Amino acid sequence: MVDLRRRDAALTERMDDPDCDTELLRRTYRRFDVVNRLVAGWQRTYRVHVRPRLQAVQSRGRVPRLLDVGCGAGDVTRALERWALRDGLQVAVTGVDPDAVAIGEASNAASHSGSRARFLRVRAGDIDEEFDIVVSNHVLHHIDDLPAFLDETAGCCASGGLLVHSDIERSLFAYAAFSALALPLTRGNLIREDGLLSIRRSYTASELRVVVPTPWHVTTQSPSRVLLRREIPRA
């Protein structure tokens, strides 16, 4: 039996092991697009939070800039770009991740799909640019010093910008549902094994409200999602 009443930050996912097999990592990254379509809810997050900000920036005669922090294989990055273009919005999209395998997979997928997104092997704090929108997906539960990470990402956000960090919210429903949904996706990758560990490492909304600084707002999104948002005041 797994105790989900408390966050288990001591757990380590195999993908975070520096000695993790490279081919196993590649196969796992290549399945993230399916997993994120099933559980991450980014289409709704895009409609409610991202699209209005893109429209506002474009209405001022400028191409909006979007940064995806910890982008992995870039499936969410490319999806945000694709949805924006579908809605008649131009957007300059960048994904960053410190993992070389992730950036390699993201760059390859972008070149094959016709995406203009660029992918850089850096951390958010290492990129000397400002963005109108900064997002992340399934990153929060990996971070040991969450306030420092939030400050780092806020430093990438321009005046009048928006930050949206999305993660799974730990619950018995999330654990049971993912355990079942991920079964067909597990062959030759770490999707289910690491996904279940991720849920055990994840925060509940009430836990996040205790941890994060005041400028950040914690909301929930069905099913079993938690959103951490911040508006940067216009200069």
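The side chains of His165 and Ser136 are joined by a polar contact of 2.6 Å (a pair of N or O atoms within 3.5 Å; within protein, one must be able to donate a hydrogen and the other to accept it, and residues adjacent in sequence count only if both atoms are side-chain atoms). A polar contact of 3.2 Å also links the side chains of His165 and Thr153. Keep in mind that this is a predicted model, where local features need pLDDT of at least 70, side-chain atom pairs count only at pLDDT 80 or more, and totals for chains, interfaces and linings use all residues. Residues are numbered from 1 along each chain as its sequence is written, and side-chain values use heavy atoms, with hydrogens and water left out.

His165 sits in strand β5, residues 157–168 (strands are DSSP runs of E, at least two residues, numbered from the N terminus). His165 is buried, at 0% relative accessible area (buried means under 20%, with a 1.4 Å probe and protein chains only). Beyond residues up to four places away in sequence, His165 touches, among others, Val135, Leu140, Phe149 and Trp216 (contact means heavy atoms within 4.5 Å).

Ser136 turns up again around Asp68, whose contacts outside four places in sequence include Val135, Ser136 and Asn137. Asp68 lies in strand β1, residues 65–69, and its side chain makes a polar contact of 2.6 Å with that of Thr77.

Now for the cysteines. The whole structure has 0 disulfides (pairs of cysteine sulfur atoms within 2.5 Å). For Cys156, the nearest cysteine sulfur is that of Cys157, 8.3 Å away. Cys156 counts as buried because its relative accessibility is 2%, and Cys157 does so at 6%.

Notes:
Helices (H or I, at least four residues) and strands (E, at least two) are DSSP runs, numbered from the N terminus. Buried means under 20% relative accessible area, exposed over 50%, partly exposed in between (1.4 Å probe, protein chains only).
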